[in-house]
Amino acid sequence: MLKIAIIGYGNLGQSLAKTFARLGHIVLAHSRCEHSKMAQDLGISYFSNPQELCEQNPQVILVCTSIISTESVLKSLPLQSLRHGTMFVDMLPVKEFSKSLLLKLLPSYLDVVCTNPMFGVERDKHEWTGSFLVYEKVRIGSDSVGISLCDNFLNIFEKEGCRMLEVSCSVQDKYVAGSQFITHTVGRVLGMLTLESTPINTKGYETLLDLVDNTAGDSFDLYCELVMYNKNAFEMLDRLDLAFGTLKKQLFGYLHDTVRKQLFDSAEKVHEEYMVCIPSNNGAALVSSSKATRSHSQVLNQKAHISEHYDDKSMLKIAIVGFGNFGQFLAKTIIRQGHKVLAYSRSDYYDVAQKMGVIYFSDVEALCEEHPEVILFCTSILSTEKVLRSFPFQRLMRNTLFVDVLSVKEFPRNLFLQKLPLDFDILCTHPMFGPESGKNGWNALPFVYDKVRVGSDESRVSLCDRFLDIFALEGCRMVEMSCSEHDRHAAGSQFITHTIGRVLEKVGLESTHILPNGYKALLNLVENTVGDSFDLYYGLFMYNVNAIDQLNRLDMAFNSLKEQFLGRLHGAVHSQHFKNASRTIAMRTSKPLWTGGTTSVDK
């Protein structure tokens, strides 16, 4: 068993002490603040005087001080009271600074190991398994005693399940700037937004909430120290600032293009209405199409082949309008449950549909003539109005159920109520998952819906319920919620999640061999959000009235964090300047004004 002295008995020191004591090691502690009661509760010997602690001859001195106080603490230790071969281990999150400081202040007969446990107090509530313990053996004596002491100390973490990684301090700092610093920055910015859990949390939003919880336990001093004592941190802060600015410019550029396009479309529509009045040379309507249509016989053959498998009258006939990634994603499960799926899209997905067992139509009128019971809109937010405006409602049966799966809800609700005849029912839904987050099944994933307009007769109620059962049978967490309430929650969760994911994607985060849990979660968030088109993100911004407020709050939070940090930096420089000035004055006043020589007055 080792005798370990912890210098700096704050949150991290107490967290480590609990594990050391549980494993049977002798633990001593010293801190500038009074923690004797906490130490006593754990059976740890607490010393308010560092001289008394050093006289206990600890084998290991564990430095768990703040970065900014480390130098003054080391200078105050009675190093002459320690035995040769005592090993100093620092736990600071910046390494080159601590390494140079320890080598500068400690006598050569004291060994030095620089470590960085890539977990904190929140992580310790559970366990260290899978977390990194990064270390460098800076100075270890060549005798077997020193080598054995170092190995025995590191084995404590390895036996607790830590992933041990020996890396130089300079390499550690490079990765810390790109992982710990970014993680803390994002966590603190989101903390200023006072994010709250909602009834419709996505996995990505849960990641952000966990990140806020894990970083909130650390002091602002620690965050400032991560910046001031790591030369790579300023570059990362600039890249983050630039990425957020670039994303805002991209959003507002899209907004400008949308307004401009609407103005030109309005002018074009007036021109088209005028041209309709002018007969063509042969008196026939002029029709043009850039998309090659499938032959009628191909569709008939496809229908005949698929119909053999759909003789159960209880199964639904569902037409998916918009057969892109998300439409195909839903179709796979719907088909697996035995329902009949038809599809139409502006792009040609005939081959994809055929492999899946979906009847594909390049003509929307032909699709409607099949009289589907459900029309499932899987179009992009931006194209929904245009598609709906040209939809041949007259070819559908009465009581057809229209369903949308857009990520915003008030917009399609109002659009459907405005455009759809009263004979059609309306169900607004939002599966809060996609091809990436739902690739391993939909169990426990939220499915939000609002029965906007469903007729009271039994057949119409039954049709709506049977469609919802598709998702309930897959284990989705079914959440009935009004469209307005959905959009209020989604602006604070989904839009923020996508925004953070896209900002970090522009920063260019890279996976490294040092992956703290928080940073790993951010990489997963980036992967899940950048898989969606920018049109989807823009739609979340454009068609949710709450989104602009969230973007402004995020902007203010980021600027506020920068101002806090710059204020702290200014204070540190100001303090150092006056300290140096005071030292200079003291040196001058301590010297005699004259050395005893004869002045001209004396002569």
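## Aromatic pairs

Two rings of Phe, Tyr or Trp (for Trp, the six-membered ring) are a pair if their centres lie within 6.5 Å, and planes under 30 degrees apart make the pair stacked. Keep in mind that this is a predicted model. A search of the whole structure turns up 31 aromatic pairs.

One of them joins phenylalanine 495 and tyrosine 537: the ring centres are 5.6 Å apart and the planes meet at 5°, so this pair is stacked. It brings together distant parts of the chain, with phenylalanine 495 in helix 21 (residues 494-507) and tyrosine 537 in helix 23 (residues 534-542), 42 residues apart.

## Around the stacked pair

Are these two residues buried or exposed? Both phenylalanine 495 and tyrosine 537 are buried. They also belong to one aromatic cluster, whose other members are Phe252, Tyr254, Phe534, Tyr538 and Phe541.

Now turn to helix 9 (residues 180-192) and helix 11 (residues 220-228), which pack with their axes 10 Å apart and at an angle of about 135°. Helix 9 and helix 11 are therefore oblique to each other, and their crossing is left-handed.

Which residues meet here? Helix 9 brings Phe181, His184, Thr185 and Arg188, while helix 11 brings Phe220, Leu222, Tyr223, Leu226 and Val227. Sorted by class, the contact of helix 9 with helix 11 has six nonpolar residues, two polar ones and one charged one.

Notes
Residues numbered from 1 in each chain as written. Predicted model: local features only at pLDDT ≥ 70, side-chain atom pairs only at ≥ 80, totals over all residues. Heavy atoms only, no water. Phe/Tyr/Trp six-rings, centres within 6.5 Å; stacked < 30°, edge-to-face > 60°. Helix = DSSP H or I, 4+ residues; strand = E, 2+ residues; numbered from the N terminus. Buried < 20%, exposed > 50% of the residue type's maximum accessible area, 1.4 Å probe, protein only. Axes fitted to C-alpha atoms, helices over the stretch in contact; angles between N-to-C directions. Parallel < 35°, antiparallel > 145°, perpendicular 65-115°, else oblique. Left-handed = near helix turned anticlockwise from the far one by under 90°. Contact = heavy atoms within 4.5 Å. Nonpolar A, V, L, I, M, F, W, Y, C, P; charged D, E, K, R; others polar.
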